[in-house]
Amino acid sequence: MTMTDAPEATLRRQPRLASTGVEGLDSILGGGLPADCVYLVEGVPGSGKTTLSLQFLMEGVRHGETVLYVTLSETEQELRTVAASHGWSLEGIHIHELAPGGDQLDPDTQYTMFHPSEVELGSTTRSILEEVERLKPQRVVFDSLAEVRLLAGAVLRFRRQVLALKQYFNGRGATVLLIDEAQVAEQGLHVHTIVHGVILLDQMRPEYGGDRRRLRITKLRGRRYRGGFHDYEIRTGGVEVYPRLVAAEHRRDGDNTPVSSGSPELDMLLGGGVDRGTSTLLVGAAGTGKSTLAMHFAMAAAMRGEKTAMFVFDESLRALATRSRGIGFDVESGIADGLLMLRSVDPAELSPGEFIAAVRHAVEVENARLVVIDSLNGYLNAMPGERFVLVQLHELLAYLGQLGVVTLLISAQQGLIGQMQSAIDVSYLADSVILLRYFEAEGTVRQAVSVLKKRTGAHERTIRELTIGAAGVAVGPPLTQYRGVLTGVPYKRGVAAGGDGAP
């Protein structure tokens, strides 16, 4: 073989891929399932096995393939009802129904000399193979192996039956999905060793909120795939899979020029603004102006003609628009111009994977250059377990940074004045940290702002007064006349802390 022939030979060895009909699942699989192989799709009842299988067959119909659905547990009418609920037509899908008929309840039809498995398994298998020989399909779905397991009776006979089925389809040019219930017993593991790949559909039931579903490829011979759990939803229109985010797969060359907040004084505090591709944490008590500062950044981005995506967990979009209008921000115009994209997020109904998919869509499709998460407290509540929240957030921030997106994270601390606490400490993940605090001075409650951290350059270390009015945010001069501002109860220089006066 010559050197010029080698690349062509390599291409010939690449397996043909069969799309599953689910874009996110194809992405996890690296383009689809290697064709002409047998796969197992297992999951608990209600996890979407039938829906996923129908999408797989409809994708084959779209490519002009002959497809067959062999159902041993559901009737054809039940399948058509499932399809109608998604707005689908099953035209082009051959359905071979082997569900027991009503005469099975007749005592006269019951076997007396032979065990049912000795009679029914053979006739069932013969009926399936006759239909396959007649149609010669390129895609086949068997729903489900649970019925074959019951007919087989013994574990060894069931394994032999599945192995014979695999050997029968070997070389016939058909990609086969075997549907089964999630098995933890020995019987289920026998099938795993036979098939070419396994797709596990898992369903979580949190104590509050809707069910959460996740998918995992537990086996795929001879092909790289994205491991781990991936969130998915069953919506009207089918299964929608959200691949787990891997930041290292998304790299884009970009600049790290500073981005203005729209306030010259705040930019001065930040050493010229926040740099592109960095994340900034706005942390402080409720009402200190965190969301208002974030909106200041968003309106400044709109003035530059850049898009902002805001994911709001803690207040309604109407309340956000009303509050912003009161400080001189025309949010409605920004939305109408397509420069401001607002999305209200319900933590109880949103999976982490779906949220990350929404962020990716805003950045990759809508070309958002500023992303605001308001707030991390709501984001934390959207996680199924707190132990994974920092890992997922780290991956999300790394992804946004590599694409040159400016990210603003808002975190509300517990308490108002004095010692403050955060529900989750993410200050080490953010590139910059802006602290907002209340403090008491001369009989009034005032607000202060300071920059505690900026990884990408120098910043001003003063504490300045922050005021919010009809014209927006105003940052005053450094509070050099006070000491102890961050304690919440400062005192003026030259005046004793007790207030009795001192020279």
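## Starting from Arg235

Helices (H or I, at least four residues) and strands (E, at least two) are DSSP runs, numbered from the N terminus. The model is predicted, so local features need pLDDT of at least 70 and side-chain atom pairs count only at pLDDT 80 or more, while totals for chains, interfaces and linings use all residues. Residues are numbered from 1 along each chain as its sequence is written, and side-chain values use heavy atoms, with hydrogens and water left out.

Is Arg235 buried or exposed, or something in between? At 34% relative accessibility, Arg235 counts as partly exposed. Here, buried means under 20% relative accessible area, exposed means over 50%, and partly exposed is in between (1.4 Å probe, protein chains only). Leaving aside neighbours within four places in sequence, Arg235 is in contact with His86, Glu240, Tyr242 and Glu354, where contact means heavy atoms within 4.5 Å. The C-alpha atoms of Arg235 and Ser85 are separated by 9.7 Å, although these residues are 150 places apart along the chain.

## Salt bridges

A salt bridge is a side-chain nitrogen of Lys or Arg within 4 Å of a carboxyl oxygen of Asp or Glu. By this rule, the count is 21 salt bridges. One of them joins the side chains of Arg235 and Glu354, at 2.3 Å from N to O. Glu354 is buried, with a relative accessible area of 11%. Arg235 and Glu354 also belong to a network of salt bridges that includes Glu240 and Arg343.

Glu332 and Arg325 form a salt bridge with their closest N and O atoms 2.6 Å apart; Glu332 is partly exposed at 35%, and Arg325 is partly exposed at 47%. Arg464 and Glu460 meet at 2.8 Å, N to O, but here Arg464 is buried at 8% and Glu460 is buried at 17%.

## A nine-stranded sheet

Nine strands form an open sheet with mixed pairing, in the order E5-E4-E6-E7-E3-E8-E9-E10-E11. Two strands pair if DSSP finds at least two bridges between them. Which strands are at the edges? They are E5 (93-97) and E11 (238-242), each pairing on one side only. Neighbouring strands of this sheet are turned by 25° against each other on average, direction ignored.

Within the sheet, E3 (residues 38-43) and E7 (residues 175-181) run parallel and are joined by six bridges. Val41 stands opposite Ile179 in E7. Helix H4 (residues 76-85) packs on the sheet, touching E4 (67-71) and E5, and its direction makes about 140° with that of E5. For such angles, axes are lines fitted to C-alpha atoms, for helices over the stretch in contact, and angles run from 0 to 180 degrees between N-to-C directions.

How far should the 14 residues of H15 (residues 389-402) span? The expected span is 1.5 Å times one less than the number of residues. That gives 20 Å, which agrees with the 20 Å between the end C-alpha atoms.

The buried residues of H15 are Val389, Leu393, Leu396, Leu397, Tyr399 and Leu400. They cover an arc of only 160° around the axis, so they are on the same side of H15; the arc is that of the directions from the helix axis to the C-beta atoms. An α-helix has 3.6 residues a turn, so residues three or four places apart point the same way. What covers these buried residues includes strand E14 (279-284), helix H13 (352-364) and strand E18 (406-414). H15 is followed by Gly404, whose phi is positive, near 75°.
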